[in-house]
Amino acid sequence: MPTAARLIAALSMALVGIVVSFLIMPLMPEGTAFGYFVYVNAGLGAVIGWAWVGRHVGLGVVNAINNGLTGVGLLVLWGLFLQGAWEMFRLAMRNRYDDPFEALSAIFVIGLDFFFVMAVPHVLLALVIGGILAGLVTENAAARWR
């Protein structure tokens with residue numbers, strides 16, 4: 001059921017996805033074509049905010065912080081999976097894999113490589129602060145608009 005808390009959670013997690021996407025872009029190799037990178041991460045953040053963060057509200061400040069951090073963790077995991085799957089598909093279209101199982105396992109290897117690229121202090125700090133703020137803002141919206 002649509003609530004103000006779910007809307008605020010979706011918007012705040014989408015904002016976290018956008019900010020972190022722009023922080024990750026300079027860390028990638030020169031000449032990387034990003035395409036829909038920011039849009040995919042923003043949409044993923046909105047879906048996670050609506051489905052997860054916006055659903056677990058009304059339990060207090062500590063649970064709001066945990067809820068926001070869990071949402072950011074889900075955003076990172078799903079983002080790495082989707083971006084890894086897209087990169088695997090791009091490579092599979094160039095016949096880089098011998099069989100389907102090698103291609104499927106490459107999703108996780110590519111996602112792990114992307115994680116090591118983004119695991120720098122300023123990106124991780126932005127994720128933690130963004131998650132905490134998203135959880136607190138969502139909790140505030142749930143308490144304010146019932």
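The second largest pocket of this predicted model has a volume of about 150 Å³. The largest pocket has a volume of about 680 Å³. The points below describe the lining of each pocket in turn.

**Second largest pocket**

- Among the residues that line the second largest pocket are Val-76, Leu-77, Leu-80 and Phe-81.
- Ile-107, Phe-108, Gly-111, Leu-112 and Phe-115 also belong to the lining of the second largest pocket.
- Both α3 and α4 supply at least two residues of this lining.
- The most is given by α4, with five residues.
- Sorted by class, the lining of the second largest pocket has eight nonpolar residues and one polar residue, with no charged residues.

- In the largest pocket, the lining is made up of 26 residues.
- Nearest the centre of the largest pocket lie Phe-34, Phe-37, Asn-41, Gln-83 and Phe-114.
- At least two lining residues of the largest pocket come from each of α1 (4-24), α2 (37-53), α3 (61-92) and α4 (100-118).
- With nine residues, α3 provides the largest share of the lining of the largest pocket.

**Largest pocket: residue classes**

- Nonpolar residues in the lining of the largest pocket number 17.
- The lining of the largest pocket also has seven polar and two charged residues.

Methods:
Residues are numbered from 1 along each chain as its sequence is written. This is a predicted model: local features need pLDDT of at least 70, side-chain atom pairs count only at pLDDT 80 or more; totals for chains, interfaces and linings use all residues. Side-chain values use heavy atoms; hydrogens and water are left out. On a 1 Å grid over the protein atoms alone, a cavity is a set of points where a 1.4 Å probe fits but cannot get out, and a pocket is an open set with protein on both sides within 12 Å along at least five of seven lines; lining residues have an atom within 4 Å of a point. Grid points are joined across faces, edges and corners, and a volume is the space filled by probe spheres set on the points. Helices (H or I, at least four residues) and strands (E, at least two) are DSSP runs, numbered from the N terminus. Ala, Val, Leu, Ile, Met, Phe, Trp, Tyr, Cys and Pro count as nonpolar, Asp, Glu, Lys and Arg as charged, and the others, Gly among them, as polar.
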